[in-house]
Amino acid sequence: MRAQFVMSEIGVGLRRNLTMTFAVIISVALSLALFGGSLLMRDQVSAMKGYWYDKVNVSIYLCNEADAKDSADAKNGTAAAAGGGAVCSKGAVTAEQKKSIETDLKAMDLVDTVHYESSDEAYKHYKERFGHTALASVITPDQMPDSFRVKLKQPEKYKVITSSFAGRDGVQSVEDQHNQLDNLFGMLSALNWAALGIMLIMLVVALLLIVNTVRVSAFSRRRETGIMRLVGASSFYIQVPFIMEAAFAGLIGAVVACGMLGVGQYFVIDHGVALRAKMELINFIGWDSVLTKLPLVLAIGVLMPSLAAFIALRKYLKV
């Protein structure tokens, strides 16, 4: 098979269907950009989970005098139980209970470190974070509970702490930060699935455009392909120019998609909008993640149109 002939046929086909070829390139580029973006979003969510889940603590809040008073009022029918008062019916936490809780925590293999935070320290931290709010002006140190901040060796097993200490004498509540993070990651996962759904729609559109482009190209060159068949050309020899046209258009679309991913990483994450500098608390993925996705995007950009063209030719190329 002469490469020069194949390349000339590809050029002829692309020029004859320039508008549809351009539509194929744009559709492939958008669908693959969404595909690559979804893969990067999945990596970003995994990186954020690994970063944040490793840093979150489990907080064990202890009963104070205010909780004990709320519990007593609730029993007497004079007030509704508020906060942890309903579980602090035996009064504020005692020194022995604090020591027992701390000892049991440190004895657990799952626990890495245990930090005790007094109500005064909790009040100071609260004022530092929320001192500008109206509620901060009415909060007093005695309303802030003592607590143990527990860091785990295996953060994903935080429920073990909850089941072991919730409801224990002197314990108001056990709170882990994973629930808040799970809501965030659930939202990010939903956005990722939405991007994948749009990608599938664009992919279907691109495949339909590829099939129609190949059909039009095969119809416009039916005379040439008929002559080739008469002089003994094989079906594969006849199909190759059409398949390579689709592959070439898909490759251009894939290159455009790779460019879009690179531009997004450079101008949105690293420079320009510079989210990495503005949102230091988020562990953004780097260029290594982007570069590992580009070969896959290029491969799909070539193989997908080629396969679509091959299937279309088997049905519509009649010579």
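Let me start with Phe267, which has a relative accessibility of 45% and therefore counts as partly exposed, since that term covers values between 20% and 50%. Please keep in mind, as we go along, that this is a predicted model.

Tyr266 also counts as partly exposed, because its relative accessibility is 35%. Now, how many aromatic pairs does a search of the whole structure find? The search finds two, and I will take them in turn.

One of them is formed by Tyr116 and Phe148, whose rings are 5.3 Å apart from centre to centre, with 55° between the planes, an arrangement that is called tilted. Tyr116 belongs to strand β2, residues 111-117, while Phe148 belongs to strand β3, residues 147-152, so this pair ties together parts that are 32 residues apart in sequence.

Let me turn now to the second largest pocket, which has a volume of about 400 Å³. Its lining is made up of 18 residues, and those that lie nearest the centre are Gly37, Leu40, Met41, Ile269 and Ile285. Which helix gives the largest share of this lining? That is α2, with seven residues, and the helices that each supply at least two residues are α2 (18-53), α7 (178-220) and α9 (235-270).

Note on methods:
Residues are numbered from 1 along each chain as its sequence is written. This is a predicted model: local features need pLDDT of at least 70, side-chain atom pairs count only at pLDDT 80 or more; totals for chains, interfaces and linings use all residues. Side-chain values use heavy atoms; hydrogens and water are left out. On a 1 Å grid over the protein atoms alone, a cavity is a set of points where a 1.4 Å probe fits but cannot get out, and a pocket is an open set with protein on both sides within 12 Å along at least five of seven lines; lining residues have an atom within 4 Å of a point. Grid points are joined across faces, edges and corners, and a volume is the space filled by probe spheres set on the points. Helices (H or I, at least four residues) and strands (E, at least two) are DSSP runs, numbered from the N terminus. Rings of Phe, Tyr and Trp (its six-membered ring) pair if their centres lie within 6.5 Å; planes under 30 degrees apart count as stacked, over 60 as edge-to-face and the rest as tilted. Buried means under 20% relative accessible area, exposed over 50%, partly exposed in between (1.4 Å probe, protein chains only).
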